[in-house]
Every structure is written in C-alpha cells, then in structure tokens.
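Please look through this model with me. My notes follow, point by point.

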Amino acid sequence: MREFSKRCIINHSLYGYGLCVCYGVAATTSNAVERERLMQQQITIGSQAHKELMCRFFIDSHVAFDPATVCWPALRTEELERLCSLPFWAEAVTTERMTACTIQALAPLQTDPLLHAAIALQGLEEQRHAALLQHLTSYYGIPVPRQPAPQPPLDVEWAFLCTGYSECFDAFFTFALFAIARDTGFFPSALVDIFEPVMQEEARHTLFFVNWEASCQAQRPFWQRPWHLWRGAVGRGLQVWHRLQMARGMGGQGDFTLKGHQALSTAISPRRFLQLCMQENDRRLRHYDARLLRPRLVPGIARALAHFLP
Ligand SMILES: [Fe+2]
Ligand SMILES: [Fe+2]
C-alpha cells in the first residue's frame with residue numbers, strides 16, 4: 001500500500017481528479033520565503049497525515065450559524081419579483097435535502113472517529129443549506145411543493161460518490177452564477193451576504209470529497225482497485241452525460257445549476273462564463289492548505305471548452 005501511495009505522487013492523472021500530491025501550506029501564509037520552503041513538503045495520499053489534514057481542514061474551517069436566526073432583508077417589489085421568478089427553488093431544496101440524507105447515512109458507517117466527525121459535519125452543513133432555503137422560500141412566499149422526507153440510499157458509498165461528483169460540477173458553475181448575481185445586483189447585497197457562507201461551504205465540500213475519494217482509493221487492497229477505479233470512472237461519466245443531456249434539452253427539467261444559468265441571462269459569452277467559473281473556483285479554494293488535492297476534472301473540461309467556445 002505504501003508503495004502504491006508513493007506512486008500516486010507521480011501518477012498525476014490516474015483518477016481523473018489527479019492523484020498528484022500538491023505541495024505547500026495554507027495560501028494565507030504571508031511570508032513568501034517560508035511558504036516556498038514549506039511548498040517543498042510532501043504528503044502521501046492515503047496516509048494518516050493526509051487523512052488528518054483533510055479532516056482537520058474541514059472541521060477547523062466550519063463556520064457556525066443557525067438558519068432559523070437569519071434576519072431576512074426587506075426587498076423592494078422588483079427585487080422580490082426577481083427572486084420569486086427564479087425557477088430553481090424547489091429543485092434546490094430537494095437536492096440539498098437528498099444530499100444531507102445521503103451524507104448523514106454515510107457518517108455512522110465510518111469507524112475512524114475523525115472521518116466520522118468530518119462527514120457528520122458535512123451532513124449537518126447540507127441539512128443547514130436545505131433549512132436556509134426553506135426559510136427563505138417561506139419568508140418571501142415562494143411556493144415550494146412539500147416533499148416526503150428523502151430515504152437513505154441502499155448503497156450509501158455509491159450514493160456519496162455520485163453526490164460528490166455532482167457537487168463538483170454544480171459548485172463549479174454555481175460559484176460563477178453567484179458572482180454574476182452579486183456583481184450585477186441581480187441579488188440584493190443583503191441576500192448575497194447571507195448566501196456567501198453557503199458558497200464557501202460548497203467549495204469546502206468539493207475539496208473534502210476529492211481528497212476523501214483519493215484517500216479511499218489509495219487505501220484499498222491492490223486487487224480491489226480496478227473495480228473502484230471503474231466505478232469512479234462510471235460515476236464521473238454519468239455526471240458528464242447528465243450535463244450534456246441537460247445542455248441539449250434532453251434531460252427533462254434540468255437541475256438548478258442549469259436553471260440558474262438560464263435565469264441569469266446576461267451578455268456574458270460562454271468562454272467568459274467558463275473563465276469566470278475557473279477564477280471563482282480558484283479564489284474559493286485558494287484559502288485552504290495547498291497540500292490537499294484540488295478538483296481537476298471539471299476545471300479541466302472547462303479549460304478545454306474555453307478554447308473552442310466563442
Ligand atoms: Fe449544499
Ligand atoms: Fe455540498
């Protein structure tokens with residue numbers, strides 16, 4: 001296992017997200033020389049140190065707040081109409097509830113106390129996202145159909161993988177949509193302030209997920225790896241296919257990211273939009289320890305598409 005983990009340092013693209021070890025410390029380190037020195041440090045994917053780093057980063061960067069105590073701002077008539085006209089509220093609430101349910105089902109299966117704490121915390125954060133959206137829609141009178149409580153998936157780990165891949169796509173594009181909504185004044189600044197921590201939490205989720213997945217893969221017995229590699233490739237492929245179907249209008253009503261893109265129709269070109277996605281993704285992840293793996297698949301696709309699109 002150790003041998004394999006070391007090879008992971010070199011094998012940059014084995015898992016799509018890349019298992020290259022990044023070097024360094026938190027981007028907040030102000031001393032460039034010290035940072036450069038620490039950048040030479042390595043961490044082995046799948047090691048105890050890597051597990052502690054990803055769990056500690058996640059737990060330590062958690063921000064406490066209670067959705068029930070949020071003071072919702074009074075909106076002008078046109079602001080309220082704009083908010084109510086967004087087509088994704090029901091979809092967003094359903095997605096957040098299902099995500100919370102999946103992650104909360106995974107947490108008790110963890111035998112490692114640190115992993116248990118980190119995954120349980122992510123489940124709590126997703127539950128909080130759903131609660132925040134429910135408070136918002138109820139406060140502003142946005143109709144959201146009542147849905148039965150989601151049921152935990154039968155294959156929890158597979159569901160968590162699919163959720164993680166999906167979040168890597170959704171978060172990447174949502175960061176840019178949020179920036180557009182903020183910079184154009186589409187969202188009132190008071191609402192931007194309320195949802196800013198949620199955006200940052202989604203960035204943390206993607207970072208934790210890619211490290212969790214790579215760590216799990218590195219720790220598996222050698223004979224199990226082909227199956228899990230194949231499963232991961234299928235999971236990512238399904239997400240890509242799902243997005244292509246939606247982009248071509250063949251995927252039913254689409255997800256809330258796509259609906260958000262349609263609703264925030266601005267003059268931005270497809271290439272500029274992808275560039276904004278990459279910028280915002282980098283900006284949000286820059287705060288965290290550079291030794292942690294970064295999501296690579298979705299930024300890589302975006303970078304490639306940005307060469308072709310107008
Ligand atoms: Fe969420
Ligand atoms: Fe999330």
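1. Lys51, Glu52, Cys55, Phe58 and Ile59 of α3 meet Leu114, Leu115, Ala117, Ala118 and Leu121 of α6. Here, two residues are in contact if their C-beta atoms, placed from the backbone, lie within 7 Å. By class, this contact of α3 with α6 has eight nonpolar, no polar and two charged residues. Nonpolar covers Ala, Val, Leu, Ile, Met, Phe, Trp, Tyr, Cys and Pro; charged covers Asp, Glu, Lys and Arg; the others, Gly among them, are polar.

2. This is a predicted model: local features need pLDDT of at least 70, side-chain atom pairs count only at pLDDT 80 or more, and totals for chains, interfaces and linings use all residues. Residues are numbered from 1 along each chain as its sequence is written, while chains are lettered from A and ligands numbered from 1 in the order in which they are written.

3. How do α3 and α6 pack? Helix α3 (residues 48–60) and helix α6 (residues 113–139) pack at about 35°, with axes 9 Å apart. Axes are lines fitted to C-alpha atoms, for helices over the stretch in contact; angles run from 0 to 180 degrees between N-to-C directions. The crossing is left-handed (the near helix is turned anticlockwise from the far one by less than a right angle; clockwise would be right-handed).

4. Helix α3 also packs with helix α8 (residues 189–219), at an angle of about 165° and with axes 10 Å apart. The two are therefore roughly antiparallel (over 145 degrees; under 35 is roughly parallel, 65 to 115 roughly perpendicular, the rest oblique). His50, Lys51, Met54 and Phe58 of α3 meet Arg204, Phe208, Asn211, Trp212 and Ser215 of α8. That contact divides into four nonpolar, three polar and two charged residues.

5. Turn to helix α7 (residues 156–183). It packs with helix α12 (residues 297–308) at about 50°, with axes 9 Å apart. That makes α7 oblique to α12. Cys168, Phe169 and Phe172 of α7 meet Leu297, Val298 and Pro299 of α12. This contact has six nonpolar, no polar and no charged residues.

6. After α7 comes Gly185, with a positive phi near 80°.

7. Now the whole protein. It has 12 helices and zero strands (DSSP runs numbered from the N terminus: helices are H or I, at least four residues; strands are E, at least two). Of its 310 residues, 33% are buried (20 or more other C-beta atoms within 10 Å of a residue's own; 12 or fewer is exposed, in between is partly exposed; C-beta atoms are placed from the backbone).
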